[in-house]
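Hello,

Here is the structure I promised to pass on to you. Have a look at it first, and then read my notes below with the model open beside you.

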Amino acid sequence: MVETGYGKKYRVIVVGAGHAGCEAALAAARMGCATLLLTMNLDAVAQMSCNPAIGGLAKGHLVREIDALGGEMARNIDETGIQFRILNTKKGPAVRASRAQADRQLYRLRMKRVLESERSLDLKQGTVNRLLVEGDRVQGVETREGLVFYGERVILTTGTFMRGLIHVGLNHYPGGRAGEPPSEGISEQLRSLGFRIGRLKTGTPARLDGETIDFTLLQPQYGDDPPNPFSFETRYISRTQAPCHITQTTLETHKIILKNLDRSPLYGGVIEGIGPRYCPSIEDKVIRFPDKESHQIFLEPDGLDSAEIYPSGISTSLPPDVQLAFLRTIPGLERVEIMRPGYAIEYDFVDPIQLTPDLQTKAILGLYHAGQINGTSGYEEAAAQGLLAGMNAALSLKDQEPLIIGRDEGYIGVMIDDLVNHGTEEPYRMFTSRAEYRLLLREDNADQRLTGIGRRAGLVSDTRWESYLSKIEALDRGERILEETRISPSDREHLARLGLGELKNGASLRELLRRPEIGIADLLFLCKEIAEFSTEVRRQLEIGVKYEGYIRRQMEQVDSFRRMEKVSIPPSFDFDDVRGLSAEVREKLKKVRPLTLGQATRISGVTPAATGILAVVLKRG
């Protein structure tokens with residue numbers, strides 16, 4: 001094939017326009033880099049291949065962090081969401097999380113408009129089948145059509161498309177997702193360049209015709225009223241909201257599934273890839289939990305103007321006739337029709353241990369990986385990686401230090417640190433339990449943790465920055481008011497209203513708020529100034545007082561953690577010269593090449609004793 005140069009050189013080229021690719025391209029372009037975003041299908045930009053929802057447990061934290069840094073995902077769901085809910089409201093603030101149903105088509109179309117309107121960004125359709133590599137540095141990409149695009153940095157966000165293989169029953173065919181071809185060539189080239197390639201699997205349920213579902217038999221699930229937006233910029237949600245509905249499988253459902261396991265690619269040895277433990281198919285659920293008589297299903301609308309329904313909780317790769325048979329044993333679905341059958345998909349990923357913490361590959365300079373190519377699962381995990389990869393590609397072009405978010409600064413930092421130090425053998429999903437300092441990494445304070453970083457990178461606008469500074473000023477003022485405003489022992493009317501007996505020396509509002517039975521809303525009648533603060537500011541003031549002791553303790557742990565992170569390990573450091581390290585520890589250290597002593601401590605198999613030896617050697621210089 002004769003190469004045809006496009007005639008325009010880009011600073012950053014992003015391959016793939018899923019959730020990772022969109023954030024990567026926007027970040028690089030907004031930071032002043034001429035950027036190209038290449039996608040196989042311009043009509044599938046920001047496609048929600050699985051459930052039409054954003055957020056959830058720990059995932060909501062990621063979305064708020066993306067927003068705090070200046071990313072787009074939160075604004076996109078706020079504009080296109082049709083049901084918003086806060087999860088875990090009865091639990092502590094660290095694990096409360098936002099989730100929203102999206103109008104799938106509106107979500108995709110709005111993100112495409114945002115990309116098209118970005119001045120420094122070109123959006124083009126093309127299938128990349130080869131990277132241009134000279135020595136150990138990437139130079140650009142070549143498309144299947146023979147077009148060559150030159151760029152100084154390339155970000156691969158290939159999703160499930162690398163050698164994608166779709167399974168429906170015992171039938172299988174190449175595909176990146178239903179209705180779209182896979183990406184061929186890049187996987188083989190990466191392997192030839194020395195990258196370790198693995199195989200993963202994920203799945204999706206059938207899409208149902210809502211006109212054939214009897215919703216009168218089902219329990220509706222409504223969103224919060226009023227809806228709580230994701231973005232710190234969004235003041236309110238104006239779009240019409242819609243309910244979801246809840247149903248469940250039955251024993252008859254399980255019988256049909258068990259009877260047809262011989263027709264499942266999962267149990268017929270057809271699928272090689274490893275699937276997610278935390279999101280098993282309905283076949284897996286029935287096998288793994290034989291005593292469970294039913295499994296809950298959430299029927300989620302695909303959009304306000306669509307009849308399609310997504311039945312969350314029953315992903316499957318059984319043949320279509322079996323899917324229809326077991327679906328019709330579920331309450332409310334007795335006459336249901338399938339609009340799109342469920343399927344499983346296998347795809348290649350690249351072991352993320354081969355990345356540095358800025359998501360650049362160690363083997364090829366200028367090449368970055370983000371999203372499912374790194375073994376992760378989920379729109380939010382992908383978008384967060386894409387944002388960081390785009391920011392770091394732009395920073396490297398400006399000869400600036402890479403942006404590495406610490407485990408104490410954000411869930412994004414936890415995720416990337418996990419990936420580059422431990423790799424993954426199954427699709428990686430973010431959980432609150434992965435974060436050691438989760439009381440400090442709440443959804444409500446994501447802006448306080450990360451907006452300054454986004455501002456320095458150039459992704460936070462003047463208006464957004466002024467709004468953020470106003471919030472910080474309000475929090476400072478609120479803390480002073482809580483400390484300085486007191487209630488006296490003689491003020492019996494107010495004490496009675498608060499359900500309190502005598503107070504010998506009186507108390508400040510801060511002291512009253514420490515009591516478990518008193519919330520900040522109970523104190524508003526005592527102080528007009530507190531009542532005038534926004535709900536968001538009042539909520540943070542309350543959390544800061546009630547969890548003060550726990551927060552202080554975690555801050556002490558963070559101080560110790562940061563001291564370890566400050567001990568850098570030179571790139572040329574020879575681990576073979578360190579006496580006292582076992583051969584296994586040396587091998588692991590050489591494989592990951594940690595940048596700091598703190599990173600070395602988090603590598604699986606590197607013992608505390610080995611870390612101590614390293615610390616002594618590094619201290620000696």
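**Strand β10 and its partners**

Strand β2 (residues 10-15) and β10 run parallel and are joined by 5 bridges. To find one of these contacts on your screen, go to I13, whose bridge partner in β10 is V154. Before you go on, please keep in mind that this is a predicted model.

How much of strand β10 is covered? Of the 10 residues in β10 (residues 147-156), 7 are buried, so the strand is mostly covered.

Strand β10 has other partners as well. Strand β9 (residues 137-143) pairs with β10 in the antiparallel sense, over 3 bridges. Here E142 stands opposite V148 in β10. β9 and β10 form a hairpin, and 3 residues lie between the two strands. In the turn of that hairpin you will find G146, which has a positive phi of about 95°. Strand β21 (residues 367-369) runs parallel to β10, and 3 bridges join the two. In that pairing, L156 stands opposite H369 in β21.

**Two open sheets**

Next, look for an open sheet of 6 strands with antiparallel pairing, in the order β15-β16-β17-β18-β14-β19. Its edge strands are β15 (219-221) and β19 (338-340), each of which pairs on one side only. On average, neighbouring strands of this sheet are turned by 40° against each other, with direction ignored. Inside the order you can pick out β14 (residues 207-209) and β18 (residues 308-312), which pair in the antiparallel sense over 2 bridges. L208 has I309 in β18 as its bridge partner.

Another open sheet is made of 3 strands in the order β4-β6-β5, and the pairing is antiparallel here too. β4 (53-55) and β5 (81-87) are the edge strands, each pairing on one side only. From one strand to the next, the twist averages 15°. Strand β6 (residues 97-102) is joined to β4 by 3 bridges, and the two run antiparallel. As an example, the bridge partner of G55 in β6 is R99.

**Cysteines**

How many disulfides are there? The count comes to 0. A disulfide needs two cysteine sulfur atoms within 2.5 Å. For C33, the closest cysteine sulfur is in C22, 17 Å away, which is too far for a bond. For C244, the closest cysteine sulfur belongs to C50 at 14 Å, again too far for a bond. Are these two cysteines buried or exposed? C33 has a relative accessible area of 2% and is therefore buried. C244 counts as buried because its relative accessibility is 2%.

**One cavity**

Finally, the search for cavities of 30 Å³ or more gave a count of 1. The largest cavity has a volume of about 30 Å³. Which residues line the largest cavity? They are L355, T356, P357, K362, V420, V592, R593, L595 and Q599. By type, this lining divides into 5 nonpolar, 2 polar and 2 charged residues.

Enjoy exploring, and write back with any questions.

Best wishes

Key
Residues numbered from 1 in each chain as written. Predicted model: local features only at pLDDT ≥ 70, side-chain atom pairs only at ≥ 80, totals over all residues. Heavy atoms only, no water. Buried < 20%, exposed > 50% of the residue type's maximum accessible area, 1.4 Å probe, protein only. Pairing = 2+ DSSP bridges. Helix = DSSP H or I, 4+ residues; strand = E, 2+ residues; numbered from the N terminus. Axes fitted to C-alpha atoms, helices over the stretch in contact; angles between N-to-C directions. 1 Å grid on protein atoms, 1.4 Å probe; cavity = no way out; pocket = protein on both sides within 12 Å on 5 of 7 lines; lining within 4 Å. Points joined across faces, edges and corners; volume = space filled by probe spheres on them. Nonpolar A, V, L, I, M, F, W, Y, C, P; charged D, E, K, R; others polar.
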